[in-house]
Amino acid sequence: MRILVLIAIGLLLYIIVGSILRKNKQSPLSSESAEKMVSCDHCGLHIAEKEAVSLDNKYYCSEDHRDAEKK
Ligand SMILES: [Zn+2]
């Protein structure tokens with residue numbers, strides 16, 4: 001009887017761990033929220049680094065603000 005209980009617990013763990021791993025893989029939002037945020041050097045707006053316009057190690061929310069700082 002004890003072996004059956006162990007098998008049942010093992011199966012349960014297998015299902016739980018499997019579902020957790022699957023959940024982590026299927027959430028594209030988690031990688032997006034972990035994305036690095038930068039703030040615009042001109043207006044202070046926070047944007048994702050990949051969407052920011054960078055110049056001289058500074059980030060801007062748009063090309064307009066990058067150009068505004070150049071002048
Ligand atoms: Zn800006």
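The model is a predicted one, in which local features need pLDDT of at least 70 and side-chain atom pairs count only at pLDDT 80 or more, while totals for chains, interfaces and linings use all residues. Residues are numbered from 1 along each chain as its sequence is written.

Helix 1 spans residues 2–25. From its first C-alpha to its last, helix 1 reaches 35 Å, close to the 34 Å expected at 1.5 Å a residue; the expected span is 1.5 Å times one less than the number of residues in the helix. The protein has three helices and four strands, and their order along the sequence is α-α-β-β-β-β-α. Helices (H or I, at least four residues) and strands (E, at least two) are DSSP runs, numbered from the N terminus.

The average pLDDT of the protein is 88, and 89% of the residues score at least 70; pLDDT is the predictor's confidence in each residue, from 0 to 100. Among the elements, the lowest mean pLDDT, 57, belongs to helix 2 (residues 28–33), and the highest, 95, to strand 4 (residues 58–60).

Of the 71 residues of the protein, 8% count as buried. Two residues are in contact if their C-beta atoms, placed from the backbone, lie within 7 Å. Among contacts with a separation of 6 or more, 10% are between residues 24 or more positions apart.

Tyr 60 lies in strand 4 and is buried, because 24 other C-beta atoms lie within 10 Å. Leaving aside neighbours within four places in sequence, the contacts of Tyr 60 are Cys 40, Asp 41, His 42, Ala 52, Val 53, Leu 55, His 65, Arg 66 and Glu 69. Between Tyr 60 and Ile 47, which are 13 residues apart in sequence, the C-alpha to C-alpha distance is 8.4 Å.

The loop between strand 3 (53–55) and strand 4 contains Asp 56, and Asn 57 has its place in the loop between these strands as well. Most residues other than glycine have a negative phi. Asp 56, however, has a positive phi near 50°, and the phi of Asn 57 is also positive, near 65°. Asp 56 counts as exposed because it has 8 C-beta neighbours inside 10 Å. Asn 57 has 6 such neighbours inside 10 Å and therefore counts as exposed.

Notes. Buried ≥ 20, exposed ≤ 12 C-beta atoms within 10 Å, placed from the backbone.
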